[in-house]
Amino acid sequence: MPLEKKPIRATLARFGLASMSSAAVSVSHLLVQLVSVRRLGASEIGTLAFLLVIIQFGYGLSNALVSTPYAIAVNQREDGEDEGFDFFFPMNLLLALSQGLLCAAIGWIMAGPWAAAAFGLAGTFSLLRWFGRATSYAHHTPSGAAVSDLVYAVLVVAGVGATLAIGARLELFGAVIAGAGLLALIPFGAGFLFRHRPVGLGRAFAAYRPVWKRQSAWTLIGVITTEATSNAHSYIVTLFAGPAAFAPIAVGMLFFRPVNVCITALTQLERPRMARAVGKGDERSARGSVRAFLAALLVIWIATAVTAALILFVFPHVIIKPTLSVETVMIAVALCAALSLVQCLQAPMSVLTQARGAFRPLAATSVRSCFVGVAAVVAITLFAPSVYTIAGVVLAQLVMMLGIWRLDHVWRRTQRETAE
């Protein structure tokens, strides 16, 4: 009996640390959006939500271009060291600065120069911190990532409290996120920041080129098309109908933001473990990680769905601003619940597929689902209320999920035929 309990305790401890710290970040972001829903106008609510979508997209770009290749490279070495991989750090710096410029441009167009400055810094520091978390998980030292998460969450909560005292404004929320992101880099140490020095960029690009050809190019295609699939409604509704029309969808999305953050965080945790198992040919351990990952996500989804239902049916007007339709928000939450569930079912097998190195077929699957999603969202935007565009994204994610499951089936069949 003790032997049976030990793996369970180890699994709970592994996911518990990552889940709790990620949940703290989720709660802090949820607080930002809840306060924005009560204190800001519909246009500002939509703008804030859209900028947070962009920052989340940056995490996907980081995973594709630096975090995933770094984790796989380190964990497929016998000694698990990162000697010779310094080039990832200046590449991450360039990515973070690009993210900052994008957030600043969007902030300027939608809200003005102060919002541009605040969210430009927020975008930059968010990607520096994200890669710091990735390096911690890659070296199987999740405590560094957890401490950074907790520092970030505490500072965001304190900052939101301060905005309530001096008056909630969009640019202040950006400044809070930027300041928390900067100070949450401290747990990674001065060495981590020093390795981002912008010197020897030519050598860094030369060293990175094989990584780009082997992994990142295909992963980037997958990330871009997955983003277009997952957030087609965000971009299309904001572009065609404006941030005010996006506001009810944003409120629906914020209820399930904790699930999205946990998917992304647990992906960082499990990717190195799966990569190591695949590298050793240990299919049993790899599939065990998939099952544990899926179980953790389903528990988080159920808890989030129950919480959302209680809020909406017991005291909706405490959360939802009177200028927003409660019925429309309820439709958005129900559709977001379905979308989030499909993403939970899809994520673990997607990570295993990446660990197996099947970047090209995974990218092709993502491209197919992207076409379905964009076409569905555009059609719904033209012929139905904006809130129903989420259904188009659900359809696209189902196509993606079935495609990933098919890749797994083909891989296992090939392995059996090779063994025979």
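Me: Which helix gives the most to the positive patch?

Reply: This is a predicted model, in which local features need pLDDT of at least 70 and side-chain atom pairs count only at pLDDT 80 or more, while totals for chains, interfaces and linings use all residues. Residues are numbered from 1 along each chain as its sequence is written, and side-chain values use heavy atoms, leaving out hydrogens and water. With 3 residues, the top contributor is helix H16 (residues 389–419; helices are DSSP runs, H or I, of at least four residues).

Me: Is Arg-368 buried, partly exposed or exposed?

Reply: Arg-368 is located in helix H15 (residues 359–383). Buried means under 20% relative accessible area, exposed over 50%, and partly exposed in between, with a 1.4 Å probe and protein chains only. At a relative accessible area of 48%, Arg-368 is therefore partly exposed.

Me: Which residues make the nonpolar surface patch, and what is the relative accessible area of Val-314?

Reply: For this kind of patch, nonpolar side chains are joined within 5 Å. The patch of about 630 Å² is made by Ile-302, Val-306, Leu-310, Phe-313, Val-314 and Phe-315. Val-314 belongs to helix H12 (residues 283–314) and is exposed, its relative accessible area being 57%.

Me: How many aromatic pairs does a search of the whole structure find, and what is the angle between the planes of Tyr-59 and Trp-130?

Reply: Rings of Phe, Tyr and Trp (its six-membered ring) pair if their centres lie within 6.5 Å; planes under 30 degrees apart are stacked, over 60 edge-to-face, the rest tilted. The search finds 11 aromatic pairs. Tyr-59 and Trp-130 form a stacked one, 4.1 Å centre to centre, with planes at 15°.

Me: How many residues apart are Tyr-59 and Trp-130?

Reply: Tyr-59 is buried at 9% relative accessibility, and Trp-130 is buried at 5%. Tyr-59 sits in helix H2 (residues 42–75) and Trp-130 in helix H4 (residues 113–138), so the pair links distant parts of the chain, 71 residues apart.

Me: How is the pair of Phe-87 and Tyr-208 classed?

Reply: Both Phe-87 and Tyr-208 are buried. Their ring centres are 6.5 Å apart and their planes are at 65°, which makes the pair edge-to-face.

Notes:
Helices (H or I, at least four residues) and strands (E, at least two) are DSSP runs, numbered from the N terminus. Patches are made of residues with over 30% relative accessible area and no salt bridge: like charges are joined within 9 Å, nonpolar side chains (Val, Leu, Ile, Met, Phe, Trp, Tyr) within 5 Å. Accessible areas come from the Shrake-Rupley method with a 1.4 Å probe; for residues, only the protein chains shown count as cover. A salt bridge is a side-chain nitrogen of Lys or Arg within 4 Å of a carboxyl oxygen of Asp or Glu.
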